[in-house]
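Here's a quick briefing to read alongside the model. Have the viewer open and follow along.

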Amino acid sequence: MTANHRSGFVVFVGRPNVGKSTLLNALAGQKLAIVSPKPQTTRTRITAILTREDAQVVLVDTPGVTKSADALRRSMQRITRTAVTDSDLALVVVEARDGEAEISDADRAVVEAARKGHGRVGLAINKVDKIKNKKMLLPWMEAYAKETGVDVIVPISAKNHDGLEDLVEELLKRLPEAPPMFPKEMVTEQAERVICAELVREQLLLLTRQEIPHAAAVVIEVFEDQRTDQEGGDGGLCRLEGRIYIERESQKGIVVGKGGRTIKEVSTAARAQIEEFLGCKVYLRLTVHVDKDWRQSDRAIERFGYGLPEA
Ligand SMILES: Nc1nc2c(ncn2[C@@H]2O[C@H](COP(=O)(O)OP(=O)(O)OP(=O)(O)O)[C@@H](O)[C@H]2O)c(=O)[nH]1
Ligand SMILES: [Mg+2]
């Protein structure tokens with residue numbers, strides 16, 4: 001091992017919907033975290049491991065910083081706080097905006113949260129593709145620099161893969177000198193089964209409305225791996241059975257839809273995503289169940305995988 005190899009954990013912290021998960025996927029070069037236009041999409045700690053000759057960084061995506069209104073959101077906020085504490089560097093992600101460069105209290109609160117870690121704090125201004133007047137970016141960067149005192153500020157567009165190389169360079173420079181922590185072929189800490197459950201939940205977020213997206217939980221109960229080529233080829237099949245949990249009997253009809261239309265749509269779209277992820281044909285069976293007010297129950301939150309992972 002070379003003496004100056006760097007490795008460490010970089011945690012993404014930010015308000016809901018600023019693009020933390022999009023950034024994780026863009027840097028990983030594959031979809032490991034689900035993304036949706038609805039706030040509070042991410043419920044757990046999601047990792048992507050980037051390995052280079054001279055460095056290994058574990059990127060950690062977290063639930064957006066919000067108020068803790070119920071047991072689920074309390075758990076989500078705990079997950080974010082713990083991920084920050086365990087990191088070597090925290091990257092605050094904010095959204096670029098047009099108009100006067102004025103840092104909001106909500107963004108200030110996120111910087112405060114990021115400072116609770118032991119490591120340094122950087123800041124990424126995401127969604128710069130949305131800014132009409134690019135000249136306005138400089139005053140924003142100056143305002144963030146002056147008011148937050150972070151180590152480094154990088155403007156990016158996670159969606160368009162803009163500025164990402166610069167960002168990675170800045171992150172790697174700030175990691176401690178240490179040997180790699182994971183085998184070089186490892187891309188994430190999450191089990192395939194968990195990512196598959198998330199890919200189903202992503203379709204529920206995209207294809208259902210009202211309270212359903214946030215009231216739904218997904219668990220893959222059966223995962224039969226019949227892949228013939230374990231090296232990422234496309235042989236064989238995986239047979240998955242998933243359960244969608246909602247909070248009330250009245251929500252069941254909405255998830256199933258008229259004549260089963262909605263659940264079918266969810267299943268078809270999720271299956272396509274899962275096939276891409278697993279690299280094989282997928283058989284997916286989904287059923288809908290009621291777990292009354294599960295978002296208020298610590299036990300259910302843990303069972304569904306949205307609790308704090310054991311240290
Ligand atoms: N225009 C634009 N949209 C983006 C960019 N990055 C993310 N988005 C969009 O912003 C929305 C939220 O993205 P997510 O990655 O789910 O955001 P998040 O910060 O992980 O959100 P939570 O998990 O709810 O905390 C999605 O509709 C993305 O497509 C970007 O660089 N430009
Ligand atoms: Mg997210």
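Let's start with helix α9: on the face turned away from its buried side sit the exposed residues R261, K264 and E276. Keep in mind that this is a predicted model.

**Helix α9**
- Helix α9 takes in residues 261–278, 18 residues in total.
- From its first C-alpha to its last, α9 reaches 25 Å, which is close to the 26 Å expected at 1.5 Å a residue.
- On the buried list for α9 you'll find T262, I263, V266, S267, A270, I274 and L278.

**Helix α5**
- Helix α5 is made up of residues 164–173, and its buried residues are L164, L167, V168, L171 and L172.
- Why do these residues sit on the same side of α5? They cover an arc of only 125 degrees around the axis, so they end up on one side of the helix.
- Turned away from the buried side of α5 is a face with the exposed residues E165, D166 and K173.

**S157, in a loop**
- You'll find S157 in the loop between β6 (152–155) and α5.
- Is S157 buried or exposed? Its relative accessibility is 0%, and buried means under 20%, so S157 counts as buried.
- If you want a distance to check, the C-alpha atoms of S157 and V35 are separated by 15 Å, with the two residues 122 apart along the chain.

**The shell around ligand 1**
- Ligand 1 is surrounded by 22 residues, and the closest are K20, T22, Q40, T42 and D129.
- By residue class, the shell around ligand 1 splits into 11 polar, six nonpolar and five charged residues.
- Helix α1 (residues 20–28) supplies the largest share of that shell, with three residues.

- T42 has a side-chain N or O atom 2.8 Å from an oxygen atom of ligand 1.
- From N126, a polar side-chain atom lies 3.1 Å from an oxygen atom of the ligand.
- With K159 the backbone is involved: one of its N or O atoms is 3.1 Å from an oxygen atom of ligand 1.
- How much of ligand 1 does the protein bury? Taken alone, ligand 1 exposes 660 Å², and the protein buries 90% of that.

Note on methods. Residues are numbered from 1 along each chain as its sequence is written. Chains are lettered from A and ligands numbered from 1 in the order in which they are written. This is a predicted model: local features need pLDDT of at least 70, side-chain atom pairs count only at pLDDT 80 or more; totals for chains, interfaces and linings use all residues. Side-chain values use heavy atoms; hydrogens and water are left out. A residue is near a molecule or strand if one of its heavy atoms lies within 4 Å of it. A polar contact is a pair of N or O atoms within 3.5 Å; within protein, one must be able to donate a hydrogen and the other to accept it, and residues adjacent in sequence count only if both atoms are side-chain atoms. Accessible areas come from the Shrake-Rupley method with a 1.4 Å probe; for residues, only the protein chains shown count as cover. Helices (H or I, at least four residues) and strands (E, at least two) are DSSP runs, numbered from the N terminus. Ala, Val, Leu, Ile, Met, Phe, Trp, Tyr, Cys and Pro count as nonpolar, Asp, Glu, Lys and Arg as charged, and the others, Gly among them, as polar. The expected span of a helix is 1.5 Å times one less than its number of residues. Buried means under 20% relative accessible area, exposed over 50%, partly exposed in between (1.4 Å probe, protein chains only). The arc is that of the directions from the helix axis to the C-beta atoms.
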